[in-house]
Amino acid sequence: DRIAAVKDKGALMEEIAHLHLVGPNPLFNFYSNSDLHNADQVIAYIGQGGLSLPDRDYYIKDDADKVEMRKHLVEYATQLFTLAGQSDKQAATSAQNVLMVETLLAAASMERTKMRDPKNRDHKMTREEAIALAPEFNFNRYFTALGAPNFGSINVTTPEFFRQVNGAIAVLPLDSLKTYV
């Protein structure tokens, strides 16, 4: 009901903040961790996320097992949407929408092997720089809704993810994003 009531993408970020507080992490991850340059300090981090399947390769590779897993994801999501009260046709469309959005997220995600190198995840910037990196994310609304402290620096572990997904958020219809969330 909360997500259904959302009227714009900024308000959707507020609902994503609520979800991040209660468990699931749609779209991206936000957390605190030790500063990579000063282990005595804990700073904010944002990074790629929002995938149901274990890794980006499950969405972008055409190996038989990956295709099969995407099929199972759509079947499972269809069941969930049906249980939530959607018609069979609407549930199937919603499940395909989830796969489409998650595939966009996966395509923008850094490969697992590159993520292992801390240098590839070291992109400390000011809060303002992070917000400017991806204006469609409405991070100010998100941070406020989350109740995050007024931090000055943040490590954006995967800036390219936010740049790429920023464009997708700009063009995706609100209803598609709401269905995904």
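Leu83 lies in helix α3, which covers residues 64-83. The structure described here is a predicted model. With a relative accessibility of 73%, Leu83 is classed as exposed, because the cut-off for that class is over 50%. Together with Tyr76 and Leu80, Leu83 forms a nonpolar surface patch of about 360 Å².

**The sheet**

In what order do the strands of the open sheet stand? The sheet has 4 strands in the order β1-β2-β4-β3, and the pairing is mixed. Strands β1 (28-35) and β3 (124-126) are at the edges; each has a single partner strand, so one side of each lacks a neighbour in the sheet. From one strand to the next, the twist averages 35°.

In general, the strands of a sheet pair through backbone hydrogen bonds, in either a parallel or an antiparallel manner. Here, strand β2 (residues 38-48) and strand β4 (residues 153-156) run parallel and are joined by 3 bridges. Ala44 has Ile154 of β4 as its bridge partner. Helix α8, made of residues 159-171, packs on the sheet and touches β1, β2 and β4. The direction of helix α8 makes about 30° with that of β2.

**Tyr58 and its contacts**

Tyr58 belongs to helix α2, residues 57-60. Which residues does Tyr58 touch, not counting residues up to four places away in sequence? The contacts are Leu53, Lys66, Met69 and Arg70. At 22% relative accessibility, Tyr58 is counted as partly exposed, because this class lies between the limits of 20% and 50%. Between Tyr58 and Glu128 there are 34 Å in space, C-alpha to C-alpha, and the two are 70 residues apart in sequence.

**Two residues with positive phi**

Most residues other than glycine have a negative phi. Leu27 has a positive value, although this residue is not glycine, and so does Asn138.

Key:
Residues are numbered from 1 along each chain as its sequence is written. This is a predicted model: local features need pLDDT of at least 70, side-chain atom pairs count only at pLDDT 80 or more; totals for chains, interfaces and linings use all residues. Side-chain values use heavy atoms; hydrogens and water are left out. Two strands pair if DSSP finds at least two bridges between them. Helices (H or I, at least four residues) and strands (E, at least two) are DSSP runs, numbered from the N terminus. Axes are lines fitted to C-alpha atoms, for helices over the stretch in contact, and angles run from 0 to 180 degrees between N-to-C directions. Contact means heavy atoms within 4.5 Å. Patches are made of residues with over 30% relative accessible area and no salt bridge: like charges are joined within 9 Å, nonpolar side chains (Val, Leu, Ile, Met, Phe, Trp, Tyr) within 5 Å. Accessible areas come from the Shrake-Rupley method with a 1.4 Å probe; for residues, only the protein chains shown count as cover. A salt bridge is a side-chain nitrogen of Lys or Arg within 4 Å of a carboxyl oxygen of Asp or Glu. Buried means under 20% relative accessible area, exposed over 50%, partly exposed in between (1.4 Å probe, protein chains only).
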